[in-house]
Amino acid sequence: MDDEDPEIEYDDPEVYSDQEGDTINAGGGEKYVILASDFLDKEREKKIDEFIQISNLPKSQAELVLMNNNWNIDILMNDWYDKMQKIKENSGITQTKESAQNLKEYLKTNKIIKDICPICEIDIDPGDGLSLGCGHEFCSECFKEHLKEKMNDQLTLLATRCPMKNCNFQVPSEIFKKLFKDDKKELSIYNKCLMRNFTESNADIKLCPNPKCENIIKLPGHGMVDINCPCGTSFCFKCLKDSHRPCDCFMMEIWEKKANSDAENTKWLLINTKQCPNCKKYIEKNQGCNHMTCRREAGGCGYEFCWICLGEWAPHGTSWYECKRVNKKDLEKKNEKIDNMKKELEKYSKSYESFKDEENAIKFATKLDEKIDLYKKVLTEKKNQKELDILFLDDAVKTVVECHRLLKNTYVFGYYMKIIKNNSLYEHHQEMLRREADLLHEKLEMRYLTDILTIDEQTKFDKEFKAYKERVISLTSTTKKFKDNILEDIEKHPEYIDYNALKNAN
């Protein structure tokens with residue numbers, strides 16, 4: 001949906017070699033690869049080796065320079081000889097003038113004794129000391145504790161400096177890996193930060209946003225494509241947020257801002273209430289004449305005023321339903337504006353309510369996975385069913401989740417859709433998909449399977465289970481067709497959304 005994203009062809013056989021990982025068709029011609037776990041390590045090593053040939057730096061320093069310069073060797077090649085000193089300083093492999101001066105001032109009043117750890121002030125055992133190129137030596141235990149503290153902030157973890165106060169030297173990966181080789185949790189956190197640092201410089205490669213997952217996805221063209229990671233996470237490759245097809249990233253961004261702001265509450269107050277001219281308390285008028293009283297029993301001040309002009313009521317006399325103190329044309333314009341605001345608010349409220357309903361439906365559908373797994377175990381262990389013959393249950397659950405996710409996003413898309421002649425067709429597809437998804441969801445509820453599993457006689461069980469299986473497979477197929485129909489309808493009608501108007505939406 002993003003007009004700025006060019007169409008990309010993904011037919012290069014070298015990009016999707018079996019050596020990298022499994023190729024997955026995302027639909028619409030797009031393909032992505034779930035990369036082998038060691039792929040990024042190999043790519044990083046290639047880049048480091050390449051830069052070592054240019055810079056003649058030790059490996060640990062070459063890696064730090066690349067990490068701090070977006071792994072862009074082309075730019076580094078152009079700048080290396082002219083700006084070498086500045087690059088080294090910014091990469092934490094030499095001291096800046098400022099850090100050197102600060103260190104000098106610090107060491108005037110803080111005496112550092114050789115072979116004694118500056119942190120714990122205990123003798124450093126031979127072979128146990130750790131220091132960077134700066135020469136500040138610490139015992140391995142204190143150095144490790146220093147790094148552990150930095151683990152709490154993964155955004156700055158890779159920029160961790162030497163434990164010595166004011167020192168500019170950055171801790172290389174080899175130190176982290178050495179100290180945490182026996183600590184899987186900490187090492188995993190650090191390795192993921194390393195991979196994220198590398199992937200952020202390569203728009204075609206992303207890490208799965210699930211913090212518990214270490215899968216790597218490669219998508220040439222890095223467009224707005226729904227990724228279904230093997231860990232079960234569905235996300236948009238472009239923005240790394242939950243899958244939001246048929247909406248584009250920009251549409252979801254303004255929807256989230258709208259949903260998280262107080263603007264709609266303010267709009268409701270403007271439409272349905274007015275402030276007492278005396279005490280400023282909000283008052284709602286739901287019926288009756290224009291004579292308003294800010295009631296004391298409701299926390300008001302007792303002031304009486306006209307709903308239309310907000311003036312004191314006494315001069316209005318018996319003009320209960322008409323205010324002669326305002327211009328009729330101005331009042332008509334104001335009322336028209338309020339009516340338009342009211343329609344807009346009703347439209348948003350309806351869309352938001354449906355959006356939240358589908359969000360809850362996704363949660364219920366996701367829970368089906370655990371329940372279905374229990375019944376699959378009974379089917380294989382006690383009812384003589386082969387695992388291959390009950391895979392239809394997994395496919396059905398996956399379809400229900402995908403459809404509720406799509407439906408959730410269609411309410412956002414529908415809200416921003418232009419009022420056009422064909423939008424009734426869109427709403428028809430939307431309603432049919434919702435109906436079929438609910439039917440399939442209902443069929444997967446436990447009461448159906450429970451009733452069948454209580455049948456002891458094998459022949460009768462086989463007959464009932466076969467009928468159930470055929471029904472679920474048929475419903476799954478039909479639901480998928482309605483899912484494809486609504487997406488096809490949107491793709492055939494790019495005029496559904498006025499993107500110029502969308503840019504001004506709040």
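Predicted model: local features only at pLDDT ≥ 70, side-chain atom pairs only at ≥ 80, totals over all residues.
Start with the packing. The largest nonpolar core takes in 51 residues, and Phe51 and Phe143 are the ones that touch the most other members. Helix 8 (residues 184–199) supplies the largest share of this core, six residues. As for Phe51, once its neighbours within four places in sequence are set aside, its contacts are Asn56, Leu57, Ala62, Val65, Leu66, Ile73, Leu76 and Trp80. There is also a second, separate core of 27 residues, with Met251, Tyr415, Tyr416 and Tyr426 among them.

Then there is Thr479, which sits in helix 15 (residues 458–492). Its relative accessibility is 0%, so Thr479 counts as buried. A polar atom of the Thr479 side chain lies 2.7 Å from the backbone oxygen of Leu475. Beyond four places in sequence, Thr479 is in contact with Thr399, Cys403, Leu433, Glu436, Ala437 and Leu440.

On to charges: the salt bridges number 16. One of them pairs Lys46 with Glu43 at 3.4 Å, N to O; these two are three residues apart in helix 1 (residues 39–55), so about one helical turn separates them. Lys46 is exposed at 54%, while Glu43 is partly exposed at 25%. Glu253 and Lys257 also form a salt bridge, with 3.4 Å between the closest N and O atoms, and lie four residues apart in helix 9 (residues 249–260). In helix 13 (residues 423–444), Glu431 and Arg434 are three residues apart, and their closest N and O atoms come to 2.5 Å. Finally, Asp373, Lys376 and Asp394 are linked in a salt-bridge network.

Methods. Residues numbered from 1 in each chain as written. Heavy atoms only, no water. Core = buried A, V, L, I, M, F, W, Y, C linked by side-chain atoms within 4.5 Å. Buried < 20%, exposed > 50% of the residue type's maximum accessible area, 1.4 Å probe, protein only. Contact = heavy atoms within 4.5 Å. Polar contact = N/O pair within 3.5 Å; in protein donor to acceptor, adjacent residues only side chain to side chain. Salt bridge = Lys/Arg side-chain N within 4 Å of Asp/Glu carboxyl O.
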